[in-house]
Amino acid sequence: MSKDRPSGSSDQTRSGDPSGRTRASDLLNDFLTTDHHPRIALGDVLAVLGDRAFGALLLILSIPNILPVPGLSTATGVPMVLIGAQMAFGRSGLWLPRRVQAVTLDRDAFLAVMRRARPWAERVERHLRPRLPVLVGARAERGLGLAIMLLAAALALPIVFGNQPPAFAIALIALGLIERDGLFVLAGLASGIIALLIVAAVLLGLGTAGGAAWHYLFG
């Protein structure tokens, strides 16, 4: 489904911008103007994105969890864990197992979210530009892969309102990778630390409440 690419270059291959940079809105437009089946398979998403897959797929999969769309956290979080793992191991091309590629999402709900996200992407990308290259290079991508794995694992947990903070952090990192903007990557990492602290606090609270309930009922 994917094409090999030089590390750190996949998200620069196509753009409507005069500078030749990929724009986040271009990715969303490509996705929205593609004919989709009533159920969109992750393999189809990968095929649409082609050799831009790493940053682009992270962005596409994180958006439904920011707005959010109920029930998609696990379906989108698990593939992002795999994407992060491949970044961490320095793979040059993205690969997803057939079973993961076969996971489907409701077309109407998914495309509605992409349409809502497009104006947001157009506003944000005005502030995106290549900078702090050390944070978007091939070596940095390995460390970012580990961060994305942690954030995606937290996102995949069935926690009410616990999916948005890690999804937002992943989206910032994805935007930084797409447009080679290390400042956005840095902002995503900072947001990721906050997101993980929030998720940890929620889990700790749930564990404490569960222990108290158990003690009350059976203690």
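Hi everyone, and thanks for coming. A word on ground rules before the tour. This is a predicted model, where local features need pLDDT of at least 70 and side-chain atom pairs count only at pLDDT 80 or more, while totals for chains, interfaces and linings use all residues. Residues are numbered from 1 along each chain as its sequence is written, and side-chain values use heavy atoms, with hydrogens and water left out.

Let's start with the overall layout. The protein chain has nine helices and two strands; these are DSSP runs, H or I of at least four residues for helices and E of at least two for strands, numbered from the N terminus. Along the sequence the order is α-β-α-α-α-α-β-α-α-α-α. Of the 219 residues in the protein chain, 48% are buried. Here buried means under 20% relative accessible area, exposed means over 50%, and partly exposed is in between, with a 1.4 Å probe and protein chains only. As for contacts (heavy atoms within 4.5 Å), consider those in the protein chain with a separation of 6 or more: 74% of them are between residues 24 or more positions apart.

Now to the inside. The largest one has 54 residues, and the members with the most contacts inside it are Leu57, Leu58, Leu59, Ile83, Met87, Phe110 and Met114. At least two residues of this core come from each of helix H1 (24–32), helix H2 (42–49), helix H3 (53–66), helix H4 (73–88), H6, H7, H8 and H9. Which helix gives the largest share of this core? That is H8, with 10 residues. To zoom in on one member, Leu57 touches Val45, Leu46, Leu49, Ile83, Leu94 and Leu96, if we skip residues up to four places away in sequence.

Next, helix packing. Two packed helices are described by the angle between their axes and the distance between the axes. The axes are lines fitted to C-alpha atoms, for helices over the stretch in contact, and angles run from 0 to 180 degrees between N-to-C directions. H7 and H8 pack at about 155°, with axes 9 Å apart. That makes H7 and H8 roughly antiparallel, the class for angles over 145 degrees; under 35 counts as roughly parallel, 65 to 115 as roughly perpendicular, and the rest as oblique. The crossing of H7 and H8 is left-handed, which means that the near helix is turned anticlockwise from the far one by less than a right angle; clockwise would be right-handed. On the H7 side the contact involves Glu141, Leu144, Ile148, Leu151, Ala152, Ala154 and Leu155, and on the H8 side Pro166, Ala167, Ala169, Ile170, Ile173 and Leu177.

H7 also packs against H9, at an angle of about 35° and with axes 10 Å apart. The crossing of H7 and H9 is left-handed too. Leu144, Ala147, Leu150, Leu151 and Ala154 of H7 meet Val185, Leu189, Gly192, Ala195, Leu196 and Val199 of H9.

Ala169 is buried, at 0% relative accessible area.

Another one is Asn65, in helix H3. Asn65 is buried at 2% relative accessibility. Its contacts beyond four places in sequence include Leu72, Thr76, Leu155, Asn163 and Ala167.

On to charges. How many salt bridges are there? The count is two, where a salt bridge is a side-chain nitrogen of Lys or Arg within 4 Å of a carboxyl oxygen of Asp or Glu. One joins Asp108 and Arg107 at 3.5 Å, N to O, and Arg107 is partly exposed at 26%. The other joins Asp181 and Arg131 at 2.8 Å, N to O. This pair links distant parts of the chain, 50 residues apart: Asp181 is in the loop between H8 (164–178) and H9 (182–218), and Arg131 in the loop between H6 (107–124) and H7 (138–156). Asp181 is buried, at 0% relative accessibility.

Leu132, between H6 and H7, has a positive phi of about 45° although it is not a glycine. Leu132 is partly exposed, at 39%. Arg180, between H8 and H9, has a positive phi near 60°. Arg180 is buried, with a relative accessible area of 12%.

Notes. A nonpolar core is a set of buried Ala, Val, Leu, Ile, Met, Phe, Trp, Tyr and Cys residues joined through side-chain atoms within 4.5 Å.
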